[in-house]
Amino acid sequence: MDDVLGSGGSLAGSGAGDVPPGVDELRAHLLASRLAGTTSTSREKSLRRYRLFAAGDPRALIGLEPEREWRVPELLALMAETCGVSGDAATVTGLDTIDPERTIAALDAFADRLRSAAERRLPVLLGTGHPQRLLGFYATLASALSSAGCTLLTSAMGRRIDITTRFGVRTLALGYARGVALIHEPGVRPGGDAPGVHTHSPLPLRTVLAAAMTDGEPLPRLVIGDHGWVCAAGQLGIEAIGPADTDDPAPFVGQAEGRVSVAVPVDDAARSDSYRPLAHYVLNRACLSQ
């Protein structure tokens with residue numbers, strides 16, 4: 001089953017996101033916007049997802065097939081190490097925390113992968129299960145990568161996908177907005193006021209790859225995304241990077257097991273403009289600023 005939802009004083013609100021922030025500015029922005037520090041993700045929700053992951057529930061695996069058994073204490077230790085959440089198993093309520101230093105270090109690694117892809121002009125697929133929040137972040141990266149000579153892949157446009165949700169099966173369509181893949185209601189053009197719907201499902205990524213192979217189109221050498229996009233790509237051996245929240249252990253397990261190249265710890269449910277400085281920071285670090 002998969003959760004599909006209708007999507008809905010920092011650098012982001014001032015227009016300063018158009019100027020690449022330095023490390024100190026970025027750290028301050030992460031804390032002010034609550035992308036790091038104390039986030040909006042509840043400890044209860046994170047622990048529930050860790051239990052689901054440990055039980056092998058597809059809703060938490062989101063396309064990843066772990067190489068070994070991960071118990072809840074091991075997941076908690078991993079998330080404490082990679083994200084900065086409390087490693088105390090007795091802490092079961094409150095809000096999660098993300099260490100901004102870990103976020104910045106992961107963004108630096110993310111930028112390294114962008115630079116490498118641009119230098120080699122690799123075919124790239126960008127996809128999001130959080131279009132209301134993260135579409136602008138990915139679209140900024142897409143524009144820079146395209147300008148650097150990378151091919152942005154757009155296979156399976158319009159393809160229908162049946163996704164199981166807690167409310168039953170929904171038939172959605174795969175589309176692209178500003179170079180970024182997402183799923184949306186059939187008959188609704190993605191972009192603008194209707195960017196798409198929220199999903200953790202790996203089916204969109206698998207649908208894109210199947211269509212590319214059937215149509216003889218190139219396969220991505222790098223996938224930039226979240227949720228099922230990054231986990232399903234990594235599981236299939238495609239280099240995958242992207243942001244992940246503390247209640248989604250799968251990308252961090254994938255990173256620990258060597259299938260996800262970079263998982264960036266960050267709250268993925270903040271205001272959409274909060275992510276603009278992050279995009280400009282990584283593009284500047286990757287020497288891709290436009």
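Are Phe110 and Phe137 buried or exposed? Both residues, Phe110 and Phe137, are buried in this predicted model. For Phe137, the relative accessible area is 6%, under the 20% limit, and the residue therefore counts as buried.

The structure contains 2 aromatic pairs. One of them joins Phe110 to Phe137 in a tilted arrangement, with 6.2 Å between centres and 50° between the planes. Phe110 belongs to helix H6 (residues 100–120), and Phe137 to helix H7 (residues 131–147), so the pair ties together parts 27 residues apart in sequence. Phe137 also pairs with Tyr138. That pair is edge-to-face, at 5.3 Å centre to centre and 70° between the planes. Tyr138 is buried, with a relative accessible area of 0%. Phe110, Phe137 and Tyr138 make up one aromatic cluster.

A ring is also involved in a charge contact. The charged end of Arg68 sits over the ring of Trp70, 3.9 Å from the ring centre.

His227 is located in helix H9 (residues 227–235). His227 is buried, at a relative accessible area of 3%. A polar atom of the His227 side chain lies 3.1 Å from the backbone oxygen of Thr199. Beyond four places in sequence, His227 touches residues including His130, His198, His200, Asp248 and Asp268.

Arg259 occupies the loop between helix H10 (250–256) and strand S11 (262–265). Despite this loop position, Arg259 is buried, with a relative accessible area of 14%. Among the residues touched by Arg259, beyond four places in sequence, are Leu64, Glu65, Pro66 and Glu67. Gly234, Gln235 and Ile238 are also among the contacts of Arg259.

How values were computed. Residues numbered from 1 in each chain as written. Predicted model: local features only at pLDDT ≥ 70, side-chain atom pairs only at ≥ 80, totals over all residues. Heavy atoms only, no water. Helix = DSSP H or I, 4+ residues; strand = E, 2+ residues; numbered from the N terminus. Buried < 20%, exposed > 50% of the residue type's maximum accessible area, 1.4 Å probe, protein only. Contact = heavy atoms within 4.5 Å. Polar contact = N/O pair within 3.5 Å; in protein donor to acceptor, adjacent residues only side chain to side chain. Phe/Tyr/Trp six-rings, centres within 6.5 Å; stacked < 30°, edge-to-face > 60°. Lys NZ or Arg CZ within 6 Å of the ring centre and 35° of its normal.
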